[in-house]
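Please open the structure in your viewer and follow along. Each stop gives a selection and what to look for there.

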Amino acid sequence: MKIGLGILVAILWLFTIGLAIMAATGTGSYSSFVILFALAIFSTIGWWRL
């Protein structure tokens, strides 16, 4: 179960990195990156405690 959730967390981090690049280049919104970054941090902490 932890491996499956780890894969989902990794995919979430990939989306977060992609959004960070889009926000840095001006094609994405900065607020959506911040929301997704916070979600990725909390899900990583939750996954680590499993």
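This is a predicted model: local features need pLDDT of at least 70, side-chain atom pairs count only at pLDDT 80 or more; totals for chains, interfaces and linings use all residues.

The structure holds four aromatic pairs.

Select tryptophan 13 and phenylalanine 37. Their ring centres lie 5.7 Å apart. The planes stand at 80 degrees, over the 60 that marks the edge-to-face class, so this pair is edge-to-face. Tryptophan 13 sits in helix α1 and phenylalanine 37 in helix α2, so the pair links distant parts of the chain, 24 residues apart.

Buried or exposed? Tryptophan 13 is partly exposed, with a relative accessible area of 24%. Phenylalanine 37 is also partly exposed, at 36%.

Phenylalanine 33 is buried, with a relative accessible area of 17%.

Trp13, Tyr30, Phe33 and Phe37 form one aromatic cluster.

Next, show the helices: α1 covers residues 2–25 and α2 covers residues 30–48. Their axes come within 9 Å and cross at roughly 160 degrees. The two helices are therefore roughly antiparallel to each other. The crossing of α1 past α2 is left-handed.

Which residues make the contact? On α1, select Leu5, Val9, Leu12 and Leu19, among others. On α2, the contact residues include Leu36, Ala40, Ile41 and Trp47. By type, the residues of this contact divide into 17 nonpolar, five polar and one charged.

Note on methods. Residues are numbered from 1 along each chain as its sequence is written. Side-chain values use heavy atoms; hydrogens and water are left out. Axes are lines fitted to C-alpha atoms, for helices over the stretch in contact, and angles run from 0 to 180 degrees between N-to-C directions. Helices (H or I, at least four residues) and strands (E, at least two) are DSSP runs, numbered from the N terminus. Angles under 35 degrees count as roughly parallel, over 145 as roughly antiparallel, 65 to 115 as roughly perpendicular and the rest as oblique. A crossing is left-handed if the near helix is turned anticlockwise from the far one by less than a right angle, and right-handed if clockwise. Contact means heavy atoms within 4.5 Å. Ala, Val, Leu, Ile, Met, Phe, Trp, Tyr, Cys and Pro count as nonpolar, Asp, Glu, Lys and Arg as charged, and the others, Gly among them, as polar. Rings of Phe, Tyr and Trp (its six-membered ring) pair if their centres lie within 6.5 Å; planes under 30 degrees apart count as stacked, over 60 as edge-to-face and the rest as tilted. Buried means under 20% relative accessible area, exposed over 50%, partly exposed in between (1.4 Å probe, protein chains only).
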